[in-house]
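The points are grouped by topic.

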Amino acid sequence: TIPAYSHSLTMPKGGRGTTRHSLSNCPSWLSTTVMIVTVASKYHARAFSTTTSTISRISQLPMRHQLSSTALHGNVFASRLDGLDAPTVWHEFSPLAQEYDAVNLGQGFPDWNPPDFCIEAMRQATDPKFGRNANQYARSYAHLPLAKVLAEEYSKKWNREINPATQIATASGVTNILYCALQGLIDKGDEVLLLEPAFDIYSSQVKMAGGTCVYCPLRPDLSKSDNGGTASDVFTLDMDELRSKITDKTKVLILNTPHNPTGKMFSLKELQGIAQIVLEHPNLIVLSDEVYEHIVFDEEKEPHLSIASIDDGILWDRTLTMSSSGKTFSCTGWKVGWAVGPPQLVKAVSAIQQWVNFSSATPTQDAIALSLQQAKEPYQGFDDYYAWLSNEYERKRGLLTKALQGAGMNSITPPGAFFIMADTSQIDFPYDEIATQPSEAMPCSQMPRDWALSRWLTQEVGVTAIPPSAFYCESNVHLAKDTLRFAFCKGDDTILEAERRLKKYFS
């Protein structure tokens, strides 16, 4: 129980570490509590404030409560975590959007509830009268009912028999799957190849595993979108450049399709090119992040393809395919992710998981098992839930495209996922004025143009996007200067309000 004099201890707005530095006279147990609050506040990106009176009361505590000479000093983090406690793009722009009451089209999670059949599935998973037996620990590998459903789906999709007992692993979302996989596969000094722009979790998890990130950027040609090209045409992978990045230390290549943040779909030709390069290196493994696999808008022209299945599974033995339920069923908080692949790679996930959290939550796994089966049935006038989902997101993509065009931004049409990369090269704004604003999260010492533009849009227009430079290493930040990422996984009212604000300002 924390005494009354400490209940208002909170994190100062914009002052990382200030609270900790102000507590030299507080009891050690209280400073620990404040440090925990500090970390929690940072990771939840909440604005906090510290009162002078609170610090004054603490400083008057008896000497017996002061820190002893044996208190920890200096950095207690492992060296491999250097820099990973710093603020991220999410810590900066979500609070900024709140501060300016901006329409937040930055973070990529739906702002509506899962479909009714998912809610019913969760009820059945937890209510004993349905006999699901899903309220206790699951198998460390995976809750078997979910593993069986996934094995059936992937067996049919890939024309390959998948063993639910040894070729499926589940965890708390793909973030957790990837963490376990990298911890199980990477030794200190191993290199992991990332295709930029790359979701920021990738590089951080590589560092936590003791690996070294090597970056190969998708080369953008924004002019291609003027001629009807999609994000797949605009952001291309140079195979020679990819090949040049691989050394005898390269252990893993992380692939993401449909791609965040661009919405690009890797084509069969591109996947075959990647596969050929991988086969040139006997110890190279592919981790393929496919969480947006069901959000695809033109299955005939640009279908979703898994690199594990192309050319009769030429890379099957070298690929761990990762996906999840959060984006598909609009239940990101349920955190159910899975890995599918050969037993030796799946075991890399389960071997770590059994010593971390043992298993993913059983009720959510069971609910997703039921939901995956129900999703195949006709839904709201469509052949199945997946067809409805793609149609709904395609409609929202159209709404956001119209809103951005009204502000002079050219939308780079995404054939998959729920993000639009917008060409912002025609927008004039006071960069020099914005670039002087403090920012601890930006990826380089000088504020990138896209970062400054996103801050300006938030503050002056009332619409927040994410600067793609957050997804690049410092040497490649310049590739993002004329783009912003907008999410359309939002309610119609939210997107239309963004359109109203953009039109009002730019007209």
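In this predicted model, Asp101 sits in the loop that runs from helix H4 (89-99) to strand S1 (103-104). Its phi is near 50 degrees, a positive value in a residue other than glycine. Most residues other than glycine have a negative phi, and most peptide bonds are trans. The points below take up the exceptions to both, then a helix contact and the chain totals.

**Positive phi**
- Asp101 has a relative accessibility of 57%, and because the cut-off for exposed is over 50%, this residue counts as exposed.
- Asn159 is not a glycine either, yet its phi is positive, at about 55 degrees.
- The loop that holds Asn159 lies between helix H6 (144-158) and strand S2 (168-171).
- Asn159 reaches 75% relative accessibility and therefore also counts as exposed.

**Cis peptide bonds**
- Glu196 and Pro197 are joined by a cis peptide bond, with omega near 0 degrees.
- Pro197 belongs to the loop between strand S3 (191-196) and helix H8 (200-208).
- The bond from Thr257 to Pro258 is cis as well, and its omega is about -10 degrees.
- Pro258 is placed in the loop between strand S7 (250-256) and helix H11 (268-279).

**Packing of H4 and H17**
- On the H4 side, the contact is made by Val89, Glu92, Phe93, Leu96 and Ala97.
- On the H17 side, the contributors are Trp451, Ser454, Arg455, Thr458 and Gln459.
- Sorted by class, the contact of H4 with H17 has five nonpolar residues, three polar ones and two charged ones.

**Chain totals**
- The chain contains 18 helices and 14 strands.
- Of its 507 residues, 54% are buried.
- Among contacts between residues at least 6 apart in sequence, 74% join residues at least 24 apart.
- The accessible surface of the chain is about 22,700 Å², and carbon and sulfur atoms account for 50% of that area.

Notes
Residues are numbered from 1 along each chain as its sequence is written. This is a predicted model: local features need pLDDT of at least 70, side-chain atom pairs count only at pLDDT 80 or more; totals for chains, interfaces and linings use all residues. Side-chain values use heavy atoms; hydrogens and water are left out. Helices (H or I, at least four residues) and strands (E, at least two) are DSSP runs, numbered from the N terminus. Buried means under 20% relative accessible area, exposed over 50%, partly exposed in between (1.4 Å probe, protein chains only). Contact means heavy atoms within 4.5 Å. Ala, Val, Leu, Ile, Met, Phe, Trp, Tyr, Cys and Pro count as nonpolar, Asp, Glu, Lys and Arg as charged, and the others, Gly among them, as polar. Accessible areas come from the Shrake-Rupley method with a 1.4 Å probe; for residues, only the protein chains shown count as cover.
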